[in-house]
Amino acid sequence: MSAERTYLITGTITDSKGIPLPDALVRAFSPGQGQEHQASPLGEAFTESAGRYRINVDEDSLQPHAHVATVIITVLIDETVVGTSKPSRKQAPETVISLKTGFQSGTPATRKVSGTVRDQFGQTMKDVTVQAFDRGLRTEESLGPEESVCQDGRYEISYSEPDSKAAYKGSANLVLVVAKAGTVLFRSPVHYNAPADFEVDLNLQGAVYSGPSEWEVQTGAITPLLGTLNPIDLREDKQIQDVSFLVGETGYTASEIGTWVASWRLADRTQRDGTPLPAEAFFAFLRQSETSFLRESLLADAQHPERIILIEDALLRTLSSLDDHRKRGLLVKAVDDNLVPANLRPRIDELLGQFARIKLKYTADISMGGGKGTIGRLLDVAGVFGDQRNTILTAMSKCTGSLAELWMRLDADPSLPDTTVKKVRTAVEIGTLTRNHVPLVAAGRRHRQWPTDQTLPGPVLQSGLGCGVRATASGWHRSRRAGQHRRCNPRGEGGDLRGHP
């Protein structure tokens, strides 16, 4: 049944010197002599840092001992009674009973504050110091020497209770300061009336540590099982079942293990290609089901080394061709969702730059039209290298209109000399005519002027092939005019750089 009436028992408890006594247990009883009264206190509570306590009492009709006319309190320290009050008449809604006990504080009790220091990316910090201060109204008093942070980022500071000038409050108002080489990196907010054993983690710049990321947890679970084996060397075939073993040992699914392994393989591939990207960056994309149609075949392809190379190419092509806004959004979301470490966030611009360089590489490998000659090889023939080459490849990778629009864009670029644009345009046009036969394009470039009614020079036609191909200059010009309207979208929308309609 619900309580018929509720009232409070409050007051302040002090030691033998009148100093507020924190963390003391206060129990309220009826002063009656019956056993039931002795065994069933009206309530109990611990004193706060200033020695105050507050006990709520419900007078329940089913509990007769709760209906009293007078109240006494007993104070205990470490289960030892240090004081008992005289009976006081119950007053509703509040009965105030304060008590000066016989407890002698003696040497000030030792208090402790400890925790972990992390930077804004959630990584534990090393070689920093933490110092504790007691905050007053307009003052701060040091509570001890600086304490060096351990290698695992843990700190621990022991200090005495505030001295007599601050004894009225009985407990420190803690402020914690993190510094390195004399430079303050972080000041905590005030922790008022800190308990005797206080655990507080310090996260710089106010960042909230969400715990280790999914990448860190999975890597921590798998790596110890590999021994000296590199993640890129893991196999799953008839002879060796590395993935199956890891599934059984870790509880991760085969798909999760495959995604983790693929992330390391892609990182290794970009390292070898001179455009290094960390494995966790690829994990950020693969884990969010980006390129999921490729990820599903990872385990099957792991059984065939030649397929691994193809799947790596397909994944890199797909990821590098994603819009920068889309890539940035996926990386930010991966950090926000704690899929990858937070220290990846400040590197996002750097990662996008690397993906842009990878995209240029794959753009250079595209063949505009039939034949085997690629854009990169045509630029080699045209003698275009360095920054000018990258500028042209970037324009081609973004081109979604016709070739005429591409040439207009390149002509308008102040970083490209007119002669460079003309050389590239001539190489592409000859490549269109010769199905990108690179030797023919190279031979054609050596002949800057062709008669309008004569066949193309012999070296252009034969080039050691003996194929007997002949074409008139007028036919070439007709091909040029038709090529002006060909589209140059490298992603294959409409026409593309491969020459597909």
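**Close-up 1. Contact between helices α5 and α9 in the predicted model.** From α5, the residues A281, A284 and F285 meet K327, L330, L331 and A334 of α9. By residue class, this contact of α5 with α9 divides into 6 nonpolar, no polar and 1 charged. Helix α5 spans residues 279-286 and helix α9 spans residues 324-336; the two pack at an angle of about 100°, and their axes are 9 Å apart.

**Close-up 2. Packing of helix α2 against helix α3.** Helix α2 covers residues 214-226 and helix α3 covers residues 242-250. The angle between them is about 125°, with the axes 11 Å apart. The two helices are therefore oblique to each other, and α2 passes α3 in a right-handed crossing. On the α2 side the contact is made by A221, I222, L225 and L226, and on the α3 side by L246, E249 and T250. These residues of the contact of α2 with α3 divide into 5 nonpolar, 1 polar and 1 charged.

**Close-up 3. Helix α14 and the residue R435 that follows.** Helix α14, residues 418-433, has 16 residues. From its first C-alpha to its last, α14 reaches 23 Å, close to the 22 Å expected at 1.5 Å a residue. The buried residues of α14 are T420, V421, V424, A427, V428, E429, I430 and G431. After α14 comes R435, which has a positive phi, near 55°.

How values were computed: Residues are numbered from 1 along each chain as its sequence is written. This is a predicted model: local features need pLDDT of at least 70, side-chain atom pairs count only at pLDDT 80 or more; totals for chains, interfaces and linings use all residues. Side-chain values use heavy atoms; hydrogens and water are left out. Axes are lines fitted to C-alpha atoms, for helices over the stretch in contact, and angles run from 0 to 180 degrees between N-to-C directions. Helices (H or I, at least four residues) and strands (E, at least two) are DSSP runs, numbered from the N terminus. Angles under 35 degrees count as roughly parallel, over 145 as roughly antiparallel, 65 to 115 as roughly perpendicular and the rest as oblique. A crossing is left-handed if the near helix is turned anticlockwise from the far one by less than a right angle, and right-handed if clockwise. Contact means heavy atoms within 4.5 Å. Ala, Val, Leu, Ile, Met, Phe, Trp, Tyr, Cys and Pro count as nonpolar, Asp, Glu, Lys and Arg as charged, and the others, Gly among them, as polar. The expected span of a helix is 1.5 Å times one less than its number of residues. Buried means under 20% relative accessible area, exposed over 50%, partly exposed in between (1.4 Å probe, protein chains only).
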